[in-house]
Amino acid sequence: MISVLIPAYNGAPWLAETLSRLPAAAAGVPVETIIVDNASTDETVSIGQKINGVQILINAINFGFSRAVNQAAAAARGDILVVINQDLHLQPNALKHVHDFLSLSSNNAVVGGALSFPDGSTQPSCGPFPTLAGTLARLILPRKIRKYNLARPDSKNAQAVDWVTGAFISFRRELFQKVGGFD
C-alpha cells in the first residue's frame, strides 16, 4: 500500500483537483491519503472531508512542512510513503510507477518525479549537490537563471541524482523511520 502524505496550508484553490487525480495515478495500487492541515483559514479542511477515505489531521497552528510530513507518516499504514504538495497534479500511473520501482529493488532509497509548470515547461525537481566549481561557474550567469541552470537529468528513464524536491518525494517507510523522519 502507498500512503500519500499531503501537508496543507490554505490549499483550497488546488486540493480538490489534486485529490481527484489520485485514483488514476495509483492505477489499481492500494492508496491511503492523509492530509495534515496546518491551521488553514480557508476551505482546505472541508474539501478534504468531502472525499471518501481521506484522513485529515488538523493542527491548531502552522507547524510547517516537515512536522506535517512526520505527523502524516506516523498515522500512515503504507510500506511506501509519498509526499506531495497540495497543488501537485499527478499524472496517470505516477504512483503505480513509484510503487513498482520501490518494490522491485532494495537499492532505491528516495524516488522523485519529473515536474512541470502549468504551461508544460520543465520545473527543476532534482539535481546534483552543489560544488565549489559549479557555484563559481554559475556566478557569471544572470541572477534570474542561476539556480535553474544546473546539470539535470534529461532522460525519461530512472537515474541516480543527489537530491529531489519535496514537492513529490517517495521512499520506503523503513528508510523514513531509520533516518528519523524529516528534520
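Where is L139 found? L139 sits in the loop between α6 (132-138) and β9 (163-164). Helices and strands here are DSSP runs, H or I of at least four residues for helices and E of at least two for strands, numbered from the N terminus.

Before going on, the ground rules. This is a predicted model, where local features need pLDDT of at least 70, side-chain atom pairs count only at pLDDT 80 or more, and totals for chains, interfaces and linings use all residues. Residues are numbered from 1 along each chain as its sequence is written, and side-chain values use heavy atoms, with hydrogens and water left out.

Back to L139. At 48% relative accessibility, L139 counts as partly exposed; buried is under 20% relative accessible area, exposed is over 50%, and partly exposed is in between, with a 1.4 Å probe and protein chains only. Together with L132 and L136, L139 forms a nonpolar patch on the surface, with about 330 Å² of accessible area for the three together. A patch takes residues with over 30% relative accessible area and no salt bridge, joining like charges within 9 Å and nonpolar side chains (Val, Leu, Ile, Met, Phe, Trp, Tyr) within 5 Å. The areas are Shrake-Rupley values with a 1.4 Å probe, and for residues only the protein chains shown count as cover.

In helix α1, residues 12-20, the buried residues are L15, T18 and L19. They cover an arc of only 90° around the axis, which puts them on the same side of α1. The arc is taken over the directions from the helix axis to the C-beta atoms.

Helix α4, residues 65-75, has A68, V69, A72 and A73 as its buried residues. Their arc is only 135° around the axis, which puts them on the same side of α4. They pack against β1, β2, β3, β4 and α7.

Now charges. How many salt bridges does the structure hold? There are 3 salt bridges, each defined as a side-chain nitrogen of Lys or Arg within 4 Å of a carboxyl oxygen of Asp or Glu.

One of them joins E17 and R21, with the closest N and O atoms 2.8 Å apart. E17 is partly exposed at 35% relative accessible area, and R21 is partly exposed at 26%. R21 lies in the loop between α1 and α2. Leaving aside residues up to four places away in sequence, R21 touches H89, L90 and Q91.

Another pairs R77 with E32, the closest N and O atoms being 3.1 Å apart. R77 is in the loop between α4 and β4 and E32 is in strand β2, so the pair ties together parts that are 45 residues apart in sequence. R77 is exposed, at 59% relative accessible area, while E32 is buried, at 7%.

There is also K96 with D100, at 2.8 Å from N to O. These two are 4 residues apart in helix α5 (residues 94-104), separated by about one helical turn. K96 is partly exposed at 28%, and D100 is partly exposed at 27%.

On to the aromatics. Rings of Phe, Tyr and Trp (its six-membered ring) pair if their centres lie within 6.5 Å; planes under 30 degrees apart are stacked, over 60 edge-to-face, and the rest tilted. By this rule there are 4 aromatic pairs. For F171 and F182, the ring centres are 6.1 Å apart and the planes are at 65°, so the pair is edge-to-face. The pair links distant parts of the chain, F171 in strand β10 (residues 168-172) and F182 in the segment after α7 (173-178), 11 residues apart. F171 is buried at 4% relative accessible area, whereas F182 is partly exposed at 22%. F65, F171, F176 and F182 form one aromatic cluster.

Last, the backbone. Most residues other than glycine have a negative phi. A27, in the loop between α2 and β2, has a positive phi of about 45° although it is not a glycine. N93, in the loop between β4 and α5, has a positive phi of about 75° and is not a glycine either. A27 is partly exposed at 32% relative accessibility, and N93 is partly exposed with a relative accessible area of 32%.

Key:
Contact means heavy atoms within 4.5 Å.
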